Amino acid sequence: MTVGLIQLTVGDAPLTNLQATIPLIRQAAAQGAQLVLTPEATNLLSPDRDWQRRTLRTEAHDPTLAALRSEARALGIWLLIGSLALATDDADGRFANRSLLIDPRGDIVARYDKLHMFDVTISVTESYRESAAYRPGDRAVLARAADVPIGMTICYDLRFPHLYRQLAQAGARILTVPSAFNPVTGEAHWETLLRARAIETGCFVLAPAQCGTHPAPHSPDRPARRSHGHALVIDPWGKVLVDAGVTPGISVVSLDLTAVDRARSSIPSLTHDRPFAAPEIP
């Protein structure tokens with residue numbers, strides 16, 4: 001399978017972001033990508049919750065989703081929309097952070113809502129409370145693209161290895177980790193964690209990413225958000241096949257899926273689980 005990873009620097013204007021995204025998808029398809037992946041927050045990345053409430057639409061009415069479905073159909077490709085910020089009908093008004101897999105007919109064949117919310121304090125001046133605006137999902141999702149089983153995850157999920165183990169044991173051969181990783185934790189942990197997930201599961205890991213400083217002209221009084229970049233493709237032995245650096249663009253690479261079988265036969269740890277008692281509190 002030939003895959004194309006898109007790296008973006010989106011801002012708070014969905015139409016502007018879409019205009020930057022579509023040409024990159026077309027470039028990846030023109031270079032032979034059968035599966036193209038965009039990063040987390042493909043339609044909007046904004047620090048302003050009021051602006052999000054005024055701007056975001058439900059899945060049925062989201063213009064970015066409609067346009068990207070049309071692109072997948074026109075190009076005849078599989079498209080993994082890393083995630084879209086979408087309005088919901090939840091009583092508390094929280095949004096969904098949703099990854100969607102689109103087939104070459106433009107149909108949605110799988111949806112995954114991010115399970116783990118990024119509620120962390122990076123420093124005295126930088127903290128995130130994703131759960132204040134986004135509701136968490138409640139199920140893992142295994143889908144198929146061109147008959148290849150794919151485990152769908154998003155960004156902060158990366159820190160929960162049991163999710164990836166269960167996806168691999170359920171049949172995943174590719175794991176997707178579209179992200180908008182923070183630069184501080186990205187520098188320290190991004191590549192290490194992605195390589196670990198690949199090694200632990202014997203899967204290819206595809207991690208399209210946001211990069212750079214995200215413009216927010218509709219919220220000029222808010223501090224600008226930044227993302228780490230370095231979209232990565234990692235093979236089942238933990239080797240980095242692609243590192244996209246820190247600028248927007250595309251990376252196209254062919255995956256030899258027999259490498260999954262070779263890695264798992266060499267280290268068959270997915271079949272070696274044993275029950276054990278939980279530790280007692282001393």
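What percentage of the 282 residues of the chain count as buried? In this predicted model, where local features need pLDDT of at least 70 and side-chain atom pairs count only at pLDDT 80 or more, totals for chains, interfaces and linings use all residues. Residues are numbered from 1 along each chain as its sequence is written, and side-chain values use heavy atoms, with hydrogens and water left out. The buried fraction is 55% of the 282 residues, buried denoting under 20% relative accessible area (1.4 Å probe, protein chains only).

The chain contains 6 helices and 16 strands, assigned as DSSP runs (helices: H or I, at least four residues; strands: E, at least two). Its radius of gyration, 18 Å, is close to the 19 Å given by the globule rule for 282 residues, so the chain is as compact as a globular protein of that length; the radius is taken over C-alpha atoms, and the rule is 2.2 Å times the number of residues to the power 0.38. The C-alpha trace spans about 55 × 55 × 35 Å along its principal axes. Of the contacts (heavy atoms within 4.5 Å) with a separation of 6 or more, 70% involve residues 24 or more positions apart.

At the residue level, Thr-55 belongs to helix H2, which covers residues 49-55. Thr-55 counts as buried because its relative accessibility is 15%. The side chain of Thr-55 reaches the backbone oxygen of Trp-51 at 2.7 Å. When residues up to four places away in sequence are not counted, Thr-55 touches Pro-14 and Leu-44.

Methods
Buried < 20%, exposed > 50% of the residue type's maximum accessible area, 1.4 Å probe, protein only. Polar contact = N/O pair within 3.5 Å; in protein donor to acceptor, adjacent residues only side chain to side chain.
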